[in-house]
Amino acid sequence: MKALEVQQVTKRFGGLVAVNSVSLEVNQGEIFSVIGPNGAGKTTFFNLLTGIYAPDGGRILLFGKDVTGFSPDRIAKEGVGRTFQNIRLFGAMTVLENILVGMHIHIHVPYFHALLRTPLARREERRAKEEAERLLDYVGLLHRKDELAKNLPYGEQRKLEIARALALKPRLLLLDEPAAGMNPRETEELQAFIGRLRDELGITIVLIEHDMRLVMRISDRIAVLEYGAKIAEGTPEEVRKNPRVIEAYLGKGAAGGAA
Ligand SMILES: Nc1ncnc2c1ncn2[C@@H]1O[C@H](COP(=O)(O)OP(=O)(O)OP(=O)(O)O)[C@@H](O)[C@H]1O
C-alpha cells in the first residue's frame, strides 16, 4: 500500500491554475521532496494534501483511503502531521505547553471531568505531560521545556514545530521548507533528524525545500513542479540531470550548456 496517492489533482484560483492535474505516489517509509521555482504551486499542493483546500479535480488517497475533500481536522486524524513555511508556534507559551496543545486530539477526557478536574482528568493530564516530555527528550529539547518558545534559537524552534506535529503520532509528515533560515550546521542536524524520524519511527516524509543540497542528500525521490504542473520525477541523480528541470531553474538554453 502507498502512503500517498495523488491522482490528477487540480486547484484553481480564479483563472490561475495553481496545481495542474498533478499525479504522484509516495511509498511508505520514503523521504520524498517536492521542489520547483517560486510560485510553482508547492504550498498549494500541501494545502490540498492537508484539506485546507478541496481540489477542483482529482483524488487524494492516504494509506489506501480516499480522503478527497476531507477537512484539515479529519486529515490530521488520518495520521497526517504538518509544519509550515513560517514557523507557527505559540511564542508566549513554554516549549512543553506547545507540545501539549499539539496533543489535544489524543486526549480523551469528557468535558465535565476536565471542568471539575476530577482524578480522571488529572491522571490524563499527567499522562499527557509525561508523553510530551518523552517526545521532547526524543528530539533533544527536554532541557528547554520550561522556556518560552519565542526565546529558542531558530533551529530549535523548527525542531519544536516538528515535535508538535509528532505529538499527533503521524504516519505521514509534511514539512514545508524545514531548512528555511537555518545555518549550514543546523541544516546538517536537521537532515540527520529527519532521517531518524523515518528510520526509527517509520514515518513517511514529504518535504518542500529550496535548499538543493539538503534535497539531493536526503530524498529517495523528488517531484518537480513548474507553473502548477509536474515536469519531472525521479531519484536525486535523475532529477539533477533532467534538461527540463535545469531549464526551469536556470532558464531557457541552460540545459544545453549544462549537459
Ligand atoms: N489563496 C490564493 N489565492 C490566489 N492565488 C494563490 C493563492 N495561493 C497561491 N496562489 C497562487 O498560486 C500560485 C502557486 O503558489 P504557491 O504558494 O503554491 O507556490 P510555491 O511553489 O509554494 O511558491 P514559494 O516557493 O514561493 O512558496 C502562485 O501563482 C500564487 O500566487
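Two residues are in contact here if their C-beta atoms, placed from the backbone, lie within 7 Å. The model is predicted. Its chain divides into domain 1 (1–79 + 171–259) and domain 2 (87–169).

**Domain arrangement**
- Domain 1 is built from two segments, 1–79 and 171–259.
- Domain 2 covers 87–169.
- The C-alpha centres of the two domains are 28 Å apart.

**Contact between the domains**
- Nine residues of domain 1 meet seven residues of domain 2.
- On the domain 1 side, helix 2 (72–77) and helix 7 (184–201) are the elements that give two or more residues.
- Helix 7 gives the most to this side, with three residues.
- By class, the domain 1 side holds five nonpolar residues, one polar residue and three charged residues.

**Shell around the ligand**
- Phe13, Leu16 and Ala18 are among the residues that surround the ligand.
- The shell also includes Gly36, Asn38, Gly39, Ala40 and Gly41.
- Lys42, Thr43 and Thr44 belong to the shell as well.
- Strand 2 (16–27) and helix 1 (42–49) each supply at least two shell residues.
- Helix 1 provides the largest share, three residues.
- The shell residues split into six polar, four nonpolar and one charged.

Note on methods
Residues numbered from 1 in each chain as written. Predicted model: local features only at pLDDT ≥ 70, side-chain atom pairs only at ≥ 80, totals over all residues. Domains from an automatic or database assignment. Helix = DSSP H or I, 4+ residues; strand = E, 2+ residues; numbered from the N terminus. Nonpolar A, V, L, I, M, F, W, Y, C, P; charged D, E, K, R; others polar. Near = placed C-beta within 6 Å.
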